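Okay, thanks for coming, everyone.

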Amino acid sequence: MDAVLSQDERVAVARLHALLELLPTALDQHLAPAGLTSFEFTLLEALSESEPHRLRMSALAARTNATLPRLSRVVTGLERKGLVERAPCLEDGRATNAQLTDAGEAAYEASRSLYATAVRRMVLDGLDAD
């Protein structure tokens, strides 16, 4: 295999870079009517999919590809909105859990269609089966 990328490969990688750079901001704009950022949506989604709507902060960081400091800042913001609560982890006293509130579940449910529509339009509709 050649050690140099072809023109088509370079174009594909450049487009992927652009997508990775621009997509979060574009998703944020589509989620603005729900009062959420795309990262906040991803965090609420992770909590909603867990049982019982609770995860250790470290597990939530891994699930959302976030550093613990970033996750902590975002969770603090979601706490202020009443969407998430922190609670001590009963299994490990050194750990803290993030818990989805009823308002957080409602916000997640209300924003799912906005997110799905945006992702389909900006990403999935441009892909084919290959």
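Let's start with the largest pocket: helix H1 gives the most to its lining, with five residues. Before I go on, a word on what you're looking at: this is a predicted model, where local features need pLDDT of at least 70 and side-chain atom pairs count only at pLDDT 80 or more, while totals for chains, interfaces and linings use all residues. Residues are numbered from 1 along each chain as its sequence is written, and side-chain values use heavy atoms, with hydrogens and water left out.

When I say helix or strand, I mean DSSP runs numbered from the N terminus, H or I of at least four residues for helices and E of at least two for strands.

Back to the pocket. Its volume is about 210 Å³. The elements that give two or more residues to its lining are H1, residues 7–31, and H2. On the lining you'll find, among others, Leu-20, Leu-23, Pro-24, Leu-27 and Asp-28, and also Thr-64, Arg-70 and Tyr-115. By type, the lining divides into six nonpolar, four polar and two charged residues.

Grid points are joined across faces, edges and corners, and the volume is the space filled by probe spheres set on the points.

Next, helix H3, residues 57–64. Which of its residues are buried? They are Met-57, Leu-60, Ala-61 and Thr-64. These four cover an arc of only 105° around the axis, so they sit on the same side of H3. The arc is taken from the directions from the helix axis to the C-beta atoms. Buried, by the way, means under 20% relative accessible area, exposed means over 50%, and partly exposed is in between, with a 1.4 Å probe and protein chains only.

What do the buried residues of H3 pack against? The partners are helices H2 (38–49) and H4 (68–80), plus strands E1 (54–56), E2 (84–88) and E3 (96–100). Contact here means heavy atoms within 4.5 Å.

That takes us to the largest nonpolar core, which has 23 residues. A nonpolar core is a set of buried Ala, Val, Leu, Ile, Met, Phe, Trp, Tyr and Cys residues joined through side-chain atoms within 4.5 Å. The members that touch the most others are Leu-43, Leu-44, Leu-47, Leu-60, Leu-71, Leu-78 and Val-84. At least two residues each come from H2, H3, H4, E3 and helix H5, which runs 102–122. H2 has the largest share, six residues. If you click on Val-84 and skip residues up to four places away in sequence, its contacts include Leu-43, Leu-44, Leu-47, Val-75 and Leu-78.

Glu-51 and Pro-52 are joined by a cis peptide bond, with omega at about 0°. Pro-52 lies in the loop between H2 and E1, and that loop also holds His-53. His-53 has a positive phi, near 60°, in a residue other than glycine, and it's partly exposed at 25% relative accessible area. Just after H3, Asn-65 takes a positive phi too, about 55°. Asn-65 sits in the loop between H3 and H4 and is exposed, at 72%.

Last stop, a few residues on the helices. Leu-114 is in H5 and is partly exposed at 30%. From Glu-21 to Asp-102 it's 33 Å, C-alpha to C-alpha, and 81 residues in sequence.

Notes
1 Å grid on protein atoms, 1.4 Å probe; cavity = no way out; pocket = protein on both sides within 12 Å on 5 of 7 lines; lining within 4 Å. Nonpolar A, V, L, I, M, F, W, Y, C, P; charged D, E, K, R; others polar.
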